[in-house]
Amino acid sequence: MPETITITDDRTGKQITVPITDGVFPASAVRELDPSLYIYDPAYMQTAACKSSITYLDGDNGVLRYRGYPIEQLAAKSTYLEVAYLLLNGELPDAAQLATWTYEVTNHTYIHENMRKRFVDGFHYDAHPMGMFVSSLAALGTFYNDAKDIDDKASRDKQILRLIAKTPTLASMAYRFSAGLPFVYPDNDLSFPGNFLNMMWKVGEYNIDPRLERAMDVLFILHADHEQNCGTTAMRIVGSSHADPYTSAAAAASALYGPLHGGANEAVVRMLTDIGHIDNVPAFIEEVKGGKGSRLMGFGHRVYKNYDPRATIIKKTAYDVFEVTGKNPLLDIALKLEETALSDPYFVDRKLYPNVDFYSGLIYQAMGFPVSMFTVLFAIPRTVGWLAHWQELLGDKDQKISRPRQWYTGVEARDYTPMAGR
Ligand code: ACO
């Protein structure tokens, strides 16, 4: 069978034959056929906007791999910092590389004092931590003028290091501010997740439970990358204008903030709280199906038409966390919702399964994180995914500034009407 597609323009009779490679054919073929012909593809449903060798996702079969390694193996055996190295460099580090990388990240955790004293203190007392996080990312870039040297690899690597190391600091600072607690400085003797937990919770003496430290690390691994999702696409689009990585990451974090994306874990806990009791689950499901209430948050995915493999791991991690914290009372409602939805033709026919956000919020809540911090917890590890894609974008000769076209549906040219004539 030939791996080509032949398109005939019936208006002109012109015909082109284009190759299909890995299930993709180049849109430049359409330009060749007629330079004024465009593909209408809202939400990029059928568009591959880039080549990428970072993350592989097979939504029909529930497969997720970082640089070829199955997410299940990484979650079981690796650490977030090792995964970050893998995503950025393409290979797992050897012992010396991991030691150097860990040392470097660990020694870039501090932020400029003005960020805390002048910038963060200026927020309104009830500012949402994710809004604070988004703006802190952009503000952080103003402290590093070398960030604009995006053509210089050494500068790019430095900014990547800074961003990965400082996002837990920014995140905990946003939380401590909203809770009215004094800021805890990074402790570079601790692990990456341990330092974050310490900055979040330390009031007087604080001993990190190694099981919670490991759970945090697993959650960071699971959220580190997910190919061309909305936030990563924002990173690539803003990065394509050669904006600095802090500004680009702020755009990516803004995209993540939305309830249809990283904001869903927050929405799940609010939904479970509203449902209130397992007896109310059937009525809630009927409301969702009738289109009267909200969607079933934490269910469905643009790409996964199967159980999200991350949701399977998170569900198991939830039980590990509950052994330490006690069971989150919302768990029973979540389990009932899952069971009811997965046996209901509405969800089965539409291939709607639990996604990464369905159980993560329950873990975060059990660990003591306020709901408003959930998306921030997603953004910390996703920063490495954004940066891996940013780096790949800048090295990709096929890429230019992102600039889609439109299908103009407005009025034709007309003359300005003076006020008296309107
Ligand atoms: N609850 C109820 N119905 C749903 C849900 C849901 N969660 N998700 C999709 N549907 C239905 C839609 O109503 C639609 O039904 P129809 O064909 O009768 O109109 C059908 O399933 C297809 O839905 P789309 O909106 O076309 O699917 P899309 O791929 O655009 O949406 C999305 C994906 C945004 C994730 C959607 O499933 C959703 O809103 N889920 C809830 C929010 C959520 O959990 N987001 C987190 C995603 S994971 C992440 O970003 C980390």
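**Close-up views of a predicted model**

**View 1. The hairpin of β3 and β4 and the sheet that holds it.** In this predicted model, 4 residues lie between the strands of the β3 and β4 hairpin, and Gly62 takes a positive phi near 65 degrees there. The two strands run antiparallel and are joined by 4 bridges. Leu57 stands opposite Leu64 in β4. Strand β4 (residues 63–66) also pairs with β5, in the antiparallel sense and over 2 bridges; here Arg65 stands opposite Pro70 in β5.

**View 2. The hairpin of β1 and β2.** Strand β1 (residues 4–8) pairs with strand β2 (residues 15–19) over 5 bridges, and the sense is antiparallel. Opposite Thr6 stands Thr17 in β2. This hairpin has 6 residues between its strands. In the turn, Gly13 has a positive phi of about 80 degrees.

**View 3. The second largest pocket.** The volume of the second largest pocket is about 310 Å³. It is lined by 15 residues, of which Asn89, Trp101, Lys153, Asp157 and Gln391 are the closest to its centre. Three helices, α3 (80–89), α4 (95–106) and α7 (153–179), are the elements that give two or more residues to this lining. With 7 residues, α7 gives the most. By residue class, the lining of the second largest pocket divides into 6 nonpolar, 4 polar and 5 charged.

**View 4. Helix α11 and its packing.** Helix α11 (residues 245–257) has 13 residues. From its first C-alpha to its last the helix reaches 18 Å, close to the 18 Å expected at 1.5 Å a residue. The buried residues of α11 are Pro245, Tyr246, Ser248, Ala249, Ala250, Ala252, Ala253, Ala255 and Leu256. Those buried residues pack against four helices: α6 (129–141), α7, α10 (230–239) and α18 (374–394). Helix α7 also contributes to the lining of the second largest pocket.

**View 5. Arg236 in helix α10.** Arg236 is placed in helix α10, one of the helices against which the buried residues of α11 pack. Its relative accessibility is 6%, under the 20% limit, so Arg236 counts as buried. Beyond its neighbours within four places in sequence, Arg236 is in contact with Cys50, Lys51, Ser52, Gln228, His389, Glu392 and Leu393. Glu323 is 87 residues from Arg236 in sequence, and the two are 40 Å apart in space, C-alpha to C-alpha.

**View 6. Asn355 in a loop between two helices.** Asn355 is found in the loop between α16 (345–349) and α17 (357–366). Asn355 has a relative accessible area of 8%, which is under 20%, and therefore it is buried. Leaving aside neighbours within four places in sequence, the contacts of Asn355 are Gly298, Phe299, Gly300, His301, Asp308 and Ala311.

Conventions
Residues are numbered from 1 along each chain as its sequence is written. This is a predicted model: local features need pLDDT of at least 70, side-chain atom pairs count only at pLDDT 80 or more; totals for chains, interfaces and linings use all residues. Side-chain values use heavy atoms; hydrogens and water are left out. Two strands pair if DSSP finds at least two bridges between them. On a 1 Å grid over the protein atoms alone, a cavity is a set of points where a 1.4 Å probe fits but cannot get out, and a pocket is an open set with protein on both sides within 12 Å along at least five of seven lines; lining residues have an atom within 4 Å of a point. Grid points are joined across faces, edges and corners, and a volume is the space filled by probe spheres set on the points. Ala, Val, Leu, Ile, Met, Phe, Trp, Tyr, Cys and Pro count as nonpolar, Asp, Glu, Lys and Arg as charged, and the others, Gly among them, as polar. The expected span of a helix is 1.5 Å times one less than its number of residues. Buried means under 20% relative accessible area, exposed over 50%, partly exposed in between (1.4 Å probe, protein chains only). Contact means heavy atoms within 4.5 Å.
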